[in-house]
Amino acid sequence: MTEETQEPGRAAARRAVVVGAGMAGAQTAVALREQGFTGELTVLGAEPHQPYDRPPLSKAVLLGKAESAALDVDFAALGVDLRLGREASGVRPADHELDTADGPVPYDVLVVATGAEAIRLPGTEGVPGVHLLRTLDDAERLRPVLAEQRDVVVVGAGWIGAEFATAAREAGCAVTVVEAADRPLAGALPAEAAAPMAAWYADSGAELRTHARVARVEPGAVVLDDGTRVPADAVVVGIGARPATGWLAGSGIGLGVHGEVLADEFLRTSAPDVYAVGDCASFPSRRYGERLLVHHWDNALQGPRTVAADVVGAAPAPYDPVPYFWSEQFGRFVQYAGHHGAADATVWRGDPAGPAWSVCWLRENRLVAVLAVGRPRDLAQGRKLIESATPMNPATLADPSRPLKKATA
């Protein structure tokens with residue numbers, strides 16, 4: 001792939017175009033200006049809204065505690081031509097042109113930052129009362145559901161399902177969560193780490209039904225594959241997201257098995273002068289020895305710095321972050337850093353039935369991932385230990401009274 005990617009150093013580029021006005025796209029514009037890019041800079045956003053942050057959508061915005069989640073970025077002061085309500089329909093790398101409904105947009109450097117789109121539940125298109133929660137418009141459509149305290153069924157007990165269920169219970173809604181797997185967060189965490197979280201639903205007054213597959217959604221009810229009908233004034237689907245890259249079909253830009261853009265260690269794509277960043281792109285991680293596709297806010301914040309440095313010829317270090325994510329659910333602050341896939345040992349810190357505990361994953365006695373529930377210090381220290389690949393003492397690590405940084409070998 002590296003033979004097909006562009007050479008680093010685009011300080012003389014006259015026109016940079018960023019497709020996507022979410023966190024990754026906005027931060028790319030900021031980073032380009034901060035690192036000395038002085039050419040024309042255009043950001044295209046498919047939505048008509050001012051660029052906004054997504055985490056508040058399932059929290060303050062959804063509950064009506066905040067009217068806006070707009071990013072604190074002064075695009076005019078940065079000399080950015082922000083074009084909202086403009087969706088890219090294709091790109092022709094050989095011509096260095098982006099296709100839109102308003103005509104072609106030429107570029108010297110193109111950054112793909114179109115993020116991810118929520119996966120719809122098959123068969124629910126056009127069914128009244130079925131919602132997603134990915135965009136500002138989604139959150140605004142759901143606010144009356146919570147304000148009117150309707151009976152809600154959430155399909156999927158992943159991160160977004162748990163956060164929405166939390167907000168709905170806080171608003172006084174009756175909430176049932178149906179999950180096809182045997183536990184919450186089945187696609188994100190190992191069984192032993194996710195199992196304690198099942199009790200959180202009942203503690204909050206929400207009902208969690210596992211091994212529950214949806215057969216169909218009817219007006220007023222969700223019908224499970226065993227024939228059970230679950231009453232529902234509203235249905236919120238949280239079964240995952242996929243990279244929003246359909247518009248790249250036929251461009252020749254390399255895509256992975258999940259539809260993500262295959263970027264290299266500097267977030268360059270297989271097309272000359274085209275980069276990809278954020279939820280829509282995967283990158284090779286030397287730290288973990290595999291390609292990572294990270295759908296989290298921190299990745300959208302960090303990746304643009306590598307892109308900008310490469311564009312201006314600043315010779316950045318290869319992009320290889322320790323992935324980081326947090327979630328607020330059922331009165332708990334949940335944080336995760338790293339990647340546990342290749343771990344060969346698991347160490348618990350604290351009682352998972354209690355309010356605060358952590359799980360550490362090791363590979364050859366080096367920390368590769370940490371999950372912290374109500375233990376932010378474990379997360380902060382663990383993240384640094386993952387970065388430094390410091391050898392750990394598993395026996396000491398298991399003592400929750402000892403600071404994690406004191407459990408080194």
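**Exercise 1.** Determine whether arginine 377 is buried or exposed, and state which surface patch includes Arg377.

*Solution.* Step 1: arginine 377 has a relative accessibility of 64% and therefore counts as exposed; buried means under 20% relative accessible area, exposed over 50%, and partly exposed in between (1.4 Å probe, protein chains only). The model is predicted: local features need pLDDT of at least 70, side-chain atom pairs count only at pLDDT 80 or more, and totals for chains, interfaces and linings use all residues. Residues are numbered from 1 along each chain as its sequence is written, and side-chain values use heavy atoms, with hydrogens and water left out.

Step 1: arginine 377 is located in helix H7, residues 376–388. Helices (H or I, at least four residues) and strands (E, at least two) are DSSP runs, numbered from the N terminus.

Step 2: Arg377, Lys384, Arg402, Lys405 and Lys406 form a positive surface patch. Patches consist of residues with over 30% relative accessible area and no salt bridge, like charges being joined within 9 Å and nonpolar side chains (Val, Leu, Ile, Met, Phe, Trp, Tyr) within 5 Å.

**Exercise 2.** Describe the setting of tyrosine 336 in its strand.

*Solution.* Step 1: tyrosine 336 belongs to strand S23, residues 332–338. Step 2: its relative accessible area is 11%, so tyrosine 336 is buried. Step 3: beyond its neighbours within four places in sequence, tyrosine 336 contacts several residues, including Leu189, Trp361 and Leu379.

**Exercise 3.** Examine the salt bridge between arginine 383 and aspartate 298.

*Solution.* Step 1: a salt bridge is a side-chain nitrogen of Lys or Arg within 4 Å of a carboxyl oxygen of Asp or Glu. Side chains of opposite charge can pair when their charged atoms come close. Step 2: the side chains of arginine 383 and aspartate 298 meet at 2.8 Å, N to O. Step 3: this pair links distant parts of the chain, with arginine 383 in helix H7 and aspartate 298 in helix H6 (residues 297–311), 85 residues apart. Step 4: aspartate 298 counts as buried because its relative accessibility is 9%.

Methods
Accessible areas come from the Shrake-Rupley method with a 1.4 Å probe; for residues, only the protein chains shown count as cover. Lys and Arg count as positive and Asp and Glu as negative; His and the chain ends are not counted. The place of a charge is taken as NZ of Lys, CZ of Arg, CG of Asp or CD of Glu. Contact means heavy atoms within 4.5 Å.
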